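Work through each task before reading its solution.

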Amino acid sequence: MVEGLRAHDGPGPAYEHVAAEHEAYARALEQAGVSLDILEPLEDFPDSIFVEDPALVFSEGAILLNPGAASRVGEGEHLLPVVEKHFETVMRIDHGHADGGDVMVTPDLVMIGLSARTSEAGARSLANLLEQLGHTAQIVQPPRGALHLKTAATLIDEETILTTAEGRSSGLFSRFRQIVVDPGEEAAANALRINDSLLLSANAPRTADRLDSLGYRLALLDTTHINRIDAGLSCMSLRW
Ligand code: CIR
């Protein structure tokens with residue numbers, strides 16, 4: 001994973017640190033009340049730790065996606081046996097590309113962001129499948145500068161979005177209460193709500209203080225090294 005894709009120069013991730021961050025993440029998920037199925041590493045796919053991108057899962061079924069980065073095409077085939085173990089219904093998009101990081105499930109609809117990784121054709125194909133699973137899909141333009149839609153925003157309860165200043169000015173989330181991360185803490189906008197816990201980057205202390213005072217039950221996790229390959233806390237798991 002030290003060869004994972006990243007949009008910017010600067011120091012890359014160190015294997016031991018990512019391993020420690022991943023281990024702490026796994027423990028936080030368990031403490032939030034879920035059981036884990038931890039997959040074997042795929043040495044040929046440096047970004048495969050980010051299992052959120054090649055598939056989407058709902059209690060009604062799973063959808064295999066088609067990642068938009070050439071080095072990630074093929075991750076889904078490795079995920080398929082695990083997905084088939086857990087889900088009777090497994091569908092797959094049949095056109096274009098889509099990454100799970102561009103898909104935000106909200107109470108009333110599933111938002112699909114168009115990005116360098118999710119094409120119009122992929123988004124339309126996915127929207128069709130979502131409708132077969134009983135979900136309403138909405139295709140949107142993510143906030144500028146974000147790798148994925150969820151790089152810039154997280155649903156932290158049924159009516160609240162944690163987002164960046166760009167995310168708020170995009171207007172995409174105007175139907176929610178919006179909490180904007182503090183300047184310099186933008187990477188923390190990719191957080192993860194599990195049951196009544198909110199996993200948040202420990203590198204965002206000012207945002208954490210505000211969320212804490214609003215009553216969110218926080219699990220703070222170091223994200224220094226996974227952030228170096230453009231990832232955050234939602235990316236490292238598929239939840240159902
Ligand atoms: C990539 O560029 O694909 C990885 N380095 C980061 C993927 C992050 N995934 C996500 O936000 N869902």
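**Exercise 1.** State how many residues surround the ligand and which are the closest.

*Solution.* The ligand is surrounded by 14 residues, and Leu-5, Asp-47, Asp-53, Arg-117 and Ile-229 are the closest. A residue counts as near if one of its heavy atoms lies within 4 Å of the molecule. This is a predicted model, where local features need pLDDT of at least 70 and side-chain atom pairs pLDDT 80 or more, while totals for chains, interfaces and linings use all residues. Residues are numbered from 1 along each chain as its sequence is written, and side-chain values use heavy atoms, with hydrogens and water left out.

Next, sort the shell by type: 6 residues are nonpolar, 2 polar and 6 charged. Here Ala, Val, Leu, Ile, Met, Phe, Trp, Tyr, Cys and Pro are nonpolar, Asp, Glu, Lys and Arg charged, and the others, Gly among them, polar.

**Exercise 2.** Find which polar atoms of Arg-72, His-148 and Ile-229 face the ligand, and at what distance.

*Solution.* Look for pairs of N or O atoms within 3.5 Å.
- Arg-72 places a polar side-chain atom 2.9 Å from a ligand oxygen.
- The side chain of His-148 has an N or O atom 3.1 Å from an oxygen of the ligand.
- Ile-229 uses a polar backbone atom, 2.7 Å from a ligand nitrogen.

Then take the cover: of the 340 Å² of accessible area that the ligand has on its own, the protein covers 99% (Shrake-Rupley method, 1.4 Å probe).

**Exercise 3.** Which domains contribute at least three residues each to the shell around the ligand?

*Solution.* Both domain 1 (13–34 + 142–240) and domain 2 (44–141) do so; the bounds come from an automatic or database domain assignment.

Technical notes:
A polar contact is a pair of N or O atoms within 3.5 Å; within protein, one must be able to donate a hydrogen and the other to accept it, and residues adjacent in sequence count only if both atoms are side-chain atoms.
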